[in-house]
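Here is a short briefing on one protein model. Look at the sequence and the structure first, then read the points below.

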Amino acid sequence: MDPIADLLTRIRNANNAKLDKVDVPHSNIKEGILDVLKRKGFIKNFRVVKDKKQGMARVYLKYNDKGQPVIKNLKRESRPGLRCYVSVEQIPSVRTGFGVAILSTNQGIFAGDEAKEKRVGGEYLCSVW
């Protein structure tokens, strides 16, 4: 099972169902991805709810004035069976800047433009637009 693909699928399904929020199991890498999505304006907010087990992250989804989801598509790039690593020069521009590439680097989880700014490459986790 791929926990990042599970996160993206839950967000995609909640957007299709026009839900205000969705709960996903918490992990540090998911929290990093959600932080990037919040900074880039794709979600309203997220909150980590601690319990005696793993914990849950509650994601508050964002919609435009017409009620359409801000997130049009989520694509998992690197997966457990086929990892995808990129150097600084290879970091892609998603939808000519309208989307965001999310990378896992040795300095943390960053959007593609932030990773270019810090001059670090890493594992290309997913694309969001």
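**Helices against the sheet**

Helix H1 lies across strands E1 and E3, and its direction is at about 165° to E1. This is a predicted model.

- Strands E1, E3 and E2 form an open sheet of 3 strands in the order E1-E3-E2, with antiparallel pairing.
- E1 and E2 are the edge strands: each has a single partner strand, so one side of each has no neighbour in the sheet.
- On average, neighbouring strands of this sheet are turned by 20° against each other, direction ignored.
- The antiparallel pairing of E2 and E3 runs over 6 bridges.
- Arg 47 stands opposite Arg 58, which is in E3.
- Helix H2 lies across E1, E2 and E3, and runs at about 155° to E2.

**The nonpolar cores**

- The largest nonpolar core contains 26 residues.
- Ile 11, Ile 33, Leu 34, Leu 37, Ile 43, Ile 102 and Val 128 have the most contacts inside this core.
- Two or more residues come from each of these elements: helices H1 (3-16) and H2 (28-39), and strands E1 (21-25), E2 (43-49), E3 (56-61), E6 (100-105), E7 (108-111) and E8 (122-128).
- H1 gives the most to this core, with 5 residues.
- Apart from this core lies another one of 10 residues, which include Val 86, Ile 91, Leu 103 and Ala 115.
- Ile 102, one of the residues with the most contacts inside the largest core, touches a number of residues beyond its neighbours within four places in sequence.
- The contacts of Ile 102 include Ile 33, Val 36 and Leu 37, as well as Ile 109 and Phe 110.
- Ile 102 is also in contact with Glu 123, Tyr 124, Leu 125, Cys 126 and Val 128.

- Most residues other than glycine have a negative phi.
- Thr 96 is not a glycine, yet has a positive phi of about 45°.
- Thr 96 lies in the loop between strand E5 (85-86) and E6.
- The relative accessible area of Thr 96 is 70%, so Thr 96 counts as exposed, the cut-off being over 50%.
- Arg 119, also a residue other than glycine, has a positive phi near 60°.
- Arg 119 is in the loop between helix H3 (112-118) and E8.
- With a relative accessible area of 55%, Arg 119 is exposed.

Technical notes:
Residues are numbered from 1 along each chain as its sequence is written. This is a predicted model: local features need pLDDT of at least 70, side-chain atom pairs count only at pLDDT 80 or more; totals for chains, interfaces and linings use all residues. Side-chain values use heavy atoms; hydrogens and water are left out. A nonpolar core is a set of buried Ala, Val, Leu, Ile, Met, Phe, Trp, Tyr and Cys residues joined through side-chain atoms within 4.5 Å. Buried means under 20% relative accessible area, exposed over 50%, partly exposed in between (1.4 Å probe, protein chains only). Helices (H or I, at least four residues) and strands (E, at least two) are DSSP runs, numbered from the N terminus. Contact means heavy atoms within 4.5 Å. Two strands pair if DSSP finds at least two bridges between them. Axes are lines fitted to C-alpha atoms, for helices over the stretch in contact, and angles run from 0 to 180 degrees between N-to-C directions.
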